[in-house]
Structures are given as C-alpha cells and as structure tokens.
Amino acid sequence: MIHKSSIIAVLICLVLSGCSADTTGRVPTSDADIFVYSHMFTTRGGIVSSTTDGLPSVQASLSVQDLFYAAHDADYYVMAGARKNNVLTISKDGTWTQSFLLDNPRYTGVLAVELTDDAMIALMNGGVKNNVYTSLLVNQKIGDSAFSRCEVDIWAEALIVKDGVAYILGTTIHPRRYAAIITVDIEQNIVIQQQVFPYYSQFTRAVWRDGSVYAIAQKGTSHASILSRIDPDTLTITHTQATPDEYLDLVQVDGRLYAISERSIDAVDETLDIHDSTPLTLGIHPHEDGYIDAIDVFGHTLVITYRFDARQKGSPNTLYGYVIRVDLPSGVERSRTPILLPASTDNVVQHIHVVPREFFE
Amino acid sequence: MKRLSITLLSLIVVSMSMTPYAQADDSPTDGSNLPQYSEQEVELYKQVYRDDQKLIAAINANMDSLVTEGKLVISIPEKEDVTPHRGSMGSWGDILVSLITDSGSVAFAGHAAIVSMDNHITVESFAESFSPIGLDGVQYYTNSWNKSGALLVRPYDATATMYTTAATFAQDKVGLPYNWNFFNKSTTSKYYCSQLVWQAWLAAGIDTEAGSIPNGVIAPADLVNSSNTYIAKKID
C-alpha cells in the first residue's frame, strides 16, 4: 500500500529535481557561439549552444541572476552578477561551473571583473560607509574558495590587471562625484596609490596599451567622451582629447588603439589624435533599432553584441539581435549572425552574454 | 488621457499569505527577523495591495496607448541622445519602474529606482532580505535596467535642473534604512523604493503621485499612473 504522503514526497522530489539547475555541466562548443541568458531579479537563466546559423541547439537551465559583467583569458570566460554574487565560468571545452565570489552567496553583487593567472579579480558593491562609498576588491582562484580582499573607496567602471597590479578606474560617487583611479597590489592586498580628478565626473572604460592606461572620461552630465592617457606609475593624465562622440569602449588590437561609438570605429594614436574613422552599421532595417550591449576582441576580430530595443518574438525562436564581427584594421564587417533563443525562454531572458566561438578555438 | 479608471476593472484578489509581514513601527530592522503586523494593519495593507494589483492590471491593459502617448512627448535635448551602455537605461534623474518584481513591500508589487548623476548607477531602496546585493535600505546599484518589462518614466515638463535636483536628493539618502511603514511616506529618515523616487521628484517640484490612487501609500504603479508623468520607454 502506498501512502498518500509518500506519493506527495515523490512528487515534491520530482518537481524539485526538475526545477533545480545543476552547478556544473558541459555545452557543445562546435564552431558556433554560446549564449548565456539571465534575469535581472530572479535566479532563472540558461545556457544555449547555437549552430553556425545562430539557431539554438542544446540548452540547459542555470540558477544564475543578472550576469552583467564578463571577462576572458585564454582558458576561461567568466560572467558575474551585478545584482547577485554569482559567477559562471566556462572553460574552452564547454564545461561550465556556477560559483560564488568569497564563497558566500549572500555577499553583494559585482561591479567589475578581470582574469589573471587563473584567478578572478573582482570589485564588489560595498555601499556607503562613514559617508564614503567603498567597494571590495576580491582576488579568488577559479575553482577555489580561498580568497584575499582589500577595501577601496571607488565605484569601479573599469578594471585592468597588469603585472600584479589592479588599476581600478571609476568614480568616487559619494559624497562627491569625481573621476578616480586606485591601484592595488593584488599579492599584498594593499592600495598603492589613488588619484582623484575633480575636473571629470567619471572614467567609464579603460585599456592598457604599450605601458600606458588609456581611458574614456566624462564631465558632469555630458555624454561626450574625453579620451585620456594616464601614466600608470604616477596616475597623472599626460594627454587628453575632447571629442563630441560618446564612446562606448576602447580596445587594443595589434598594438593599435580603437575607440568605438554607435556610429564608428575610430583608430586613436598615442597622442590621442583620431586618424581613421570607419562607419559602423548596426541595425539594418528600421525595426532593428537597438544598442551595443557588449564588445569583445579575439585576434583581429571585433565581436559586437548588438541588441534590439524590442525583441522580435517568433516561433519556435525569438530574435534578440545580432553578433556582428568586424575585421580590424580594415573595418570590414565579416559576418552577422542572429541571436536566437527558444521562445519558451521569453519570460526569463533579460540579459544575454555571447561567448564567441573564437574563445573555443 | 493619462489617468486610468480602476472602477471598471474586475477585482483581482491577491493573497498576501506568501508575503512576509514586517513590523509597522518606525524602528529600523535588518529585514531578516520580521515581527508580525497587527491584524488591523494586515487588513489595511491587504486593501492597499488589492488597489495596487488593480492599478497594475489597468496599466498593463492600457500599456500600448500609454507607450504611444509617451513617444509623442518631447523631452529636453539633454535627455534625448543618451546611448544605452552595457545594459543601462535612462539618464540622471530618470525614474525606472518594474511592475513585476518586489522590493520587500507588503503594500504593493513592483520596484522603482532613480538614475543617479552617473547614468551607469541607480539609487534604489530594498529591504535587506529582498536586496539582490544583501544591503538594507537606500544603496547604489548597477544600472542594469535595460531589460524586458522595465519602464522608463519621466515627469512632464521637467528641466535639466529638476533632473539634477531629483538625482542628487536620492544620492544624499544613500545609507538610510528601509522603511517598513508604507503609510509613513513623508519621513526622511528611512525609505521604501517608490517613496524615495516620489520624494526625490517632490524636492524637484513635481508630485509624481498626483492623479493616482490616494490610499496613503506611494507604489511603483503610482509613479507610472500619475497625471504628472509619462512612459518614455518600455523594454519589450
């Protein structure tokens, strides 16, 4: 005789096993992109392997939230949550693993993440203490719960790790909003230097090139970008170039620096003069209005994740935008593949990270 | 016609049994050990919650026309050419609303935020137990709002100075605790999410509750339904 309670218990187990997501797994890499999607407010997400046409093929559920920031090196691609202390790590063979920074899921979300020597260097949202905004720099080996930490008084917008030093660029935000840079020795966990630039309100992006830090700065509420070159030893600005454009990112390809806006890819020299400007075409049709969600560089290829303002619902898949590949320095668009996810995930998909196929090569 | 009539809508009864009831007095709480409200207070909040659900249903039913109406509003030039960046939405002083997700309130559904002077950063108030970063009260968050279901709400006829006043007001409140007494919306020592946004814009001279349900609580849906605001953008 089977008791009613036993049936209920079995049903509960079945439901739980069906709802809960594994903390590790593997997704086929083939020669196409992988899409990782997540929801802003809930721990519902998933990972989808696509075909070369962008069609979703294999998918798995993930218990991840608001995966917003990403970084990669030769071995790992990591994504971290802005509103949840969760990290998804993908290896070159397609193995994915969910984990938490600080080995503590209740700690705060992430502001920036970088990879160096198989370790995650991350800035975590620390809130205002004693009327000063403070975040936490965490240094944690991938696959290991051991970590070291260091408090820094900055809201991070950009993070560079070079030769054992973390260069954190952003804004002091509270009580005053000034652009700021802090350097931290990530072995000793000590702040080396910090510099505040009252003339600017924030640094938004930064990249290391040939012994200098190049950054995008902004003033007040203006969206116009001020390109800046910073001496990494003294943290002084050595060159600036005011532009009318709102640059979204700076990338370095083959030693050459490029500033990218929604309209163009501009080559920038060491004195911050703009030499070549290649127009960038994002949406092709009027219904494809959208925005650049992410920019990645692999070799000579610029990988742009372009998201539509309005997803195009369909059956069996919903179209969210395109992965646009541009060759540098030619500026020629090489391919444009759709970002398609199963319509069954419509209610869950908010943020999408594209792990480009180039990472798995 | 912005204001919605709720009288013609069918009654949506929402059980509050799944919602944690918090203390009704003004003492701060860490949100992790919440005492019960009195029965009388529970009944009050149940009524407010029902009103809120009806209002949300009305907004959703009229969403297309509200969005169309909002597109006709000419904003100030400084607000028009903002490029969304890394999933952010809006610019300084803008109101961001989700009618889906809770911030810890027992009086209403949804969540509201205001963009700080830095477009990449929002100011939001969550109860600690609901906070996605585990911090109680008013805090800075990453502006990751360019997401499905999010609404960008702006007051009519707001000037750049007003947007600055609202954003700065909210930033000045960072660090204050969550306000569990949802009827006490005038206090300046603790804040729930939509109370913070409402007070920030009140400081700038615009009442973003005007024209909505006058039930003593300022809900995220009130910010959308106000006769003084419009939907500038909705993410599908």
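**View 1. The exposed residue N131(A).** N131(A) counts as exposed because 9 other C-beta atoms lie within 10 Å. A residue is buried if 20 or more other C-beta atoms lie within 10 Å of its own, exposed if 12 or fewer, and partly exposed in between, with C-beta atoms placed from the backbone. This is a predicted model: local features need pLDDT of at least 70, side-chain atom pairs count only at pLDDT 80 or more, and totals for chains, interfaces and linings use all residues. Residues are numbered from 1 along each chain as its sequence is written, while chains are lettered from A and ligands numbered from 1 in the order in which they are written. N131(A) sits in the loop between β11 (128-129) and β12 (132-133) of chain A. Helices (H or I, at least four residues) and strands (E, at least two) are DSSP runs, numbered from the N terminus. N131(A) is not a glycine, yet its phi is positive, about 65 degrees.

View 2. N189(A) is partly exposed, with 14 other C-beta atoms within 10 Å. A146(A) belongs to the loop between β13 (135-141) and β14 (147-152) of chain A. A146(A) counts as exposed, with 8 C-beta neighbours inside 10 Å. Along the chain, A146(A) and N189(A) are 43 residues apart; their C-alpha atoms are separated by 14 Å.

**View 3. Two cis peptide bonds in chain A.** One cis bond runs from H174(A) to P175(A), with omega near 5 degrees. P175(A) is in the loop between β16 (165-171) and β17 (179-185) of chain A. Another cis peptide bond joins L328(A) and P329(A), with omega about 10 degrees. P329(A) lies in the loop between β29 (317-327) and β30 (333-342) of chain A.

**View 4. The loop residue G314(A).** G314(A) is found in the loop between β28 (301-312) and β29 of chain A. It counts as exposed, with 10 C-beta neighbours inside 10 Å. Leaving out residues up to four places away in sequence, G314(A) touches L319(A) and A343(A). Two residues are in contact if their C-beta atoms, placed from the backbone, lie within 7 Å. P244(A) is 70 residues from G314(A) along the chain, and 39 Å separates their C-alpha atoms.

**View 5. The largest nonpolar core.** A nonpolar core is a set of buried Ala, Val, Leu, Ile, Met, Phe, Trp, Tyr and Cys residues joined through C-beta atoms within 7 Å. The largest one has 166 residues. Which residues touch the most other members? They are V110(A), A122(A), I168(A) and I114(B). Neighbours within four places in sequence aside, A122(A) is in contact with A80(A), L101(A), V110(A), A112(A), V113(A) and V138(A). In soluble globular proteins, nonpolar side chains tend to be buried together.

View 6. Chain B has six helices and six strands. From the N terminus on, its elements run α-α-α-β-β-β-β-β-α-α-α-β. Of the 236 residues in chain B, 53% are buried. In the contact between chains, 28 residues of chain B meet 37 residues of chain A. Strand β4 (residues 137-142) of chain B gives the most to the side touching chain A, with four residues. That side of chain B has eleven nonpolar, twelve polar and five charged residues. Ala, Val, Leu, Ile, Met, Phe, Trp, Tyr, Cys and Pro count as nonpolar, Asp, Glu, Lys and Arg as charged, and the others, Gly among them, as polar.

**View 7. Helices α4(B) and α5(B).** Helix α4 (residues 160-172) and helix α5 (residues 193-203) of chain B pack at about 135 degrees, their axes 8 Å apart. That angle makes α4(B) oblique to α5(B). Axes are lines fitted to C-alpha atoms, for helices over the stretch in contact, and angles run from 0 to 180 degrees between N-to-C directions. Angles under 35 degrees count as roughly parallel, over 145 as roughly antiparallel, 65 to 115 as roughly perpendicular and the rest as oblique. The contact uses T165(B), A166(B), F169(B) and A170(B) of α4(B), and L196(B), Q199(B), A200(B), W201(B) and A203(B) of α5(B). By class, these residues are seven nonpolar, two polar and no charged. Nine of the eleven residues of α5(B) are buried, among them C193(B), W198(B) and W201(B). Just after α5(B), G205(B) takes a positive phi of about 105 degrees.
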